[in-house]
Amino acid sequence: MFSTDFEEFERALAESGSFTSAGEAHGTLCGALCAIAPYRIEDWLGELLPDGAAAAPAAGIFGQVYAETLQALVGQAFEFEPLLPAAQAPIGGRASALGEWCQGFLYGLGAGRLSSLEELPGDLAEIVRDFTEISRAAVDEQDSLETNEQAYAELVEFVRAGAQLVFDELDPLRSDALARLEALH
């Protein structure tokens with residue numbers, strides 16, 4: 001789905017002086033897009049980068065990740081995926097990146113100023129609680145690689161579907177916020 005891979009995004013963050021991991025950075029973007037309207041690329045870069053702006057080569061990468069993420073979330077084809085390391089990366093690193101992604105998502109969602117989980121419609125509060133648990137994901141050294149791979153794949157699918165559901169279910173809140181903002185102008 002992404003024209004930029006995880007490692008390339010990680011390098012762009014480091015070259016831009018960010019201390020945020022790629023998983024957490026993408027999770028933050030996704031959570032904020034769910035909860036804040038409008039959430040612009042400038043807002044995201046302000047969260048990630050020391051001076052809020054990326055150098056020329058990295059700026060294109062950030063723009064691509066932002067645009068492709070937003071397009072996947074608003075699209076009807078359910079193409080959204082969290083930006084995570086490739087399948088060839090060690091399972092421990094992938095599990096860690098998934099946990100960081102969930103931490104970022106929760107941070108971005110919280111930036112939307114939801115006062116409590118009970119404020120979330122439907123099953124969203126339970127999804128957010130599950131993301132909190134997944135943020136502590138780690139490989140179980142006592143399990144086989146196959147078992148860890150299967151568990152990881154199931155968590156990634158849950159996160160993918162959960163993030164899409166949160167985005168879809170919070171649309172009325174984002175729409176209300178946009179309407180209030182437009183009324184001020």
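This is a predicted model: local features need pLDDT of at least 70, side-chain atom pairs count only at pLDDT 80 or more; totals for chains, interfaces and linings use all residues.
Local features were taken at pLDDT of at least 70 and side-chain atom pairs only at pLDDT 80 or more, whereas totals for chains, interfaces and linings use all residues. Residues are numbered from 1 along each chain as its sequence is written, and side-chain values use heavy atoms, with hydrogens and water left out.

Helices are DSSP runs of H or I with at least four residues, and strands are runs of E with at least two; both are numbered from the N terminus. Two packed helices are described by the angle between their axes and the distance between the axes. Axes are lines fitted to C-alpha atoms, for helices over the stretch in contact, and angles run from 0 to 180 degrees between N-to-C directions. Angles under 35 degrees count as roughly parallel, over 145 as roughly antiparallel, 65 to 115 as roughly perpendicular, and the rest as oblique. Contact means heavy atoms within 4.5 Å.

Helices α1 and α2 pack at about 90°, and their axes are 9 Å apart. The two are therefore roughly perpendicular to each other. From α1, the contact uses Phe6, Phe9, Glu10 and Leu13; from α2, Ala22, Gly23, Ala25 and His26. By class, five of these residues are nonpolar, two polar and one charged. Here Ala, Val, Leu, Ile, Met, Phe, Trp, Tyr, Cys and Pro count as nonpolar, Asp, Glu, Lys and Arg as charged, and the others, Gly among them, as polar.

Helix α2 has 14 residues. Its first and last C-alpha atoms are 20 Å apart, close to the 20 Å expected at 1.5 Å a residue. The expected span is 1.5 Å times one less than the number of residues. Helix α2 is mostly covered, with 13 of its 14 residues buried. Buried means under 20% relative accessible area, exposed over 50%, and partly exposed in between (1.4 Å probe, protein chains only).

Serine 16 sits in the loop between α1 (6–15) and α2 (22–35). Serine 16 counts as buried because its relative accessibility is 13%. Leaving aside residues up to four places away in sequence, serine 16 touches Leu49, Pro50, Ala54, Ala55, Ala58 and Phe62.

Helix α5 (residues 91–110) and helix α7 (residues 145–169) form another packed pair; their axes come within 11 Å and cross at roughly 20°. The two helices are therefore roughly parallel to each other. Their crossing is left-handed. A crossing is left-handed if the near helix is turned anticlockwise from the far one by less than a right angle, and right-handed if clockwise. In α5, the contact residues are Ile91, Arg94, Ala95, Leu98, Trp101, Cys102, Phe105 and Leu109. They meet Leu145, Asn148, Glu149, Tyr152, Leu155, Val156, Val159, Ala163 and Val166 in α7. This contact has 14 nonpolar, one polar and two charged residues.

Helix α7 has 25 residues and reaches 36 Å between its end C-alpha atoms, close to the 36 Å expected at 1.5 Å a residue. Its buried residues include Tyr152, Val156, Val159, Arg160 and Phe167. Asparagine 148 also lies in α7. At 10% relative accessibility, asparagine 148 counts as buried. Its contacts are Ile91, Val139, Asp140 and Asp143, not counting residues up to four places away in sequence.

Helix α5 also packs against helix α6 (residues 124–134), at an angle of about 140° and with the axes 8 Å apart. That makes α5 oblique to α6. This crossing, too, is left-handed. Leu98, Gly99, Trp101, Cys102, Phe105, Leu106 and Leu109 of α5 contact Val128, Phe131, Thr132 and Ile134 of α6. Nine of the residues are nonpolar, two are polar and none is charged.

Glycine 110 is also part of α5. Glycine 110 is partly exposed, with a relative accessible area of 47%. The C-alpha atoms of glycine 110 and glycine 31 are separated by 7.8 Å, although the two residues lie 79 residues apart along the chain.

Backbone geometry is considered last. Most residues other than glycine have a negative phi, and most peptide bonds are trans. The peptide bond from alanine 37 to proline 38 is cis, with omega near -10°. Proline 38 lies in the loop between α2 and α3 (41–48). Phenylalanine 78 is not a glycine, yet has a positive phi of about 50°. Phenylalanine 78 belongs to the loop between α4 (56–74) and α5. With a relative accessible area of 53%, phenylalanine 78 is exposed.
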